[in-house]
Every structure is written in structure tokens, then in C-alpha cells.
Amino acid sequence: MVGTYNAIKKYAADAPDAAAKVNEENELDQSDKSQIEAGRASGIPLTLSNQINIILPESTDISVYHAIFRSLRDNLLR
């Protein structure tokens, strides 16, 4: 992948705006790296989270809700 990137980078360097774009991308990469390093240095772990929104149907039958939550437990929480 690195070899491909370097090969394409040579062609992109010939374009007039290529240098500005490459510099901008490098600055973004550096800011991302500095934020990650700052998080590591401060002892704050990098974590990921998922959020699942469930829209429940209107029902007076409690077995509908039991079936929905049982399915969630069996399929997502195990």
C-alpha cells in the first residue's frame, strides 16, 4: 500500500495545487496524531461505543415486549 501511495504521489506532485493539498493532509494527520498522543499521555484510554435506538411498537400485549427484549438479549448481549 505504501508503494502504491508513493507511486501515485509522484504523479500528483506535478499538479499545481497538489503541494497545497499534500501539506494540508499532512497537517491533518499531524493534528490527529497529536490528539491521540495527548490522550495516551494523559492516561485517558481510547474507547469505542455503540448506540442502538429501538422504536417499540404500541401494544397492550406484554408478550410482544418480552419477545423483543428476549431476542435482543439472545442476539446482541451474548
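Residues are numbered from 1 along each chain as its sequence is written. In this predicted model, local features need pLDDT of at least 70, side-chain atom pairs count only at pLDDT 80 or more, totals for chains, interfaces and linings use all residues, and side-chain values use heavy atoms, without hydrogens and water.

Visitor: Which residue forms a salt bridge with D74?
Guide: A salt bridge is a side-chain nitrogen of Lys or Arg within 4 Å of a carboxyl oxygen of Asp or Glu. The closest N and O atoms here are 3.7 Å apart. The count by this rule is one salt bridge. The partner of D74 is R73.

Visitor: Is R73 buried or partly exposed?
Guide: Buried means under 20% relative accessible area, exposed over 50%, and partly exposed in between (1.4 Å probe, protein chains only). R73 has a relative accessible area of 40%. So R73 is partly exposed.

Visitor: Where does I54 lie?
Guide: I54 has 40% relative accessibility, so it counts as partly exposed. Helices are DSSP runs (H or I, at least four residues), numbered from the N terminus. I54 lies in the loop between α2 (18-41) and α3 (62-76).

Visitor: Which residues is V64 in contact with, leaving aside its neighbours within four places in sequence?
Guide: V64 is found in helix α3. At 29% relative accessibility, V64 is partly exposed. Contact means heavy atoms within 4.5 Å. Beyond those sequence neighbours, V64 is in contact with P57 and S59.

Note on methods: Helices (H or I, at least four residues) and strands (E, at least two) are DSSP runs, numbered from the N terminus.
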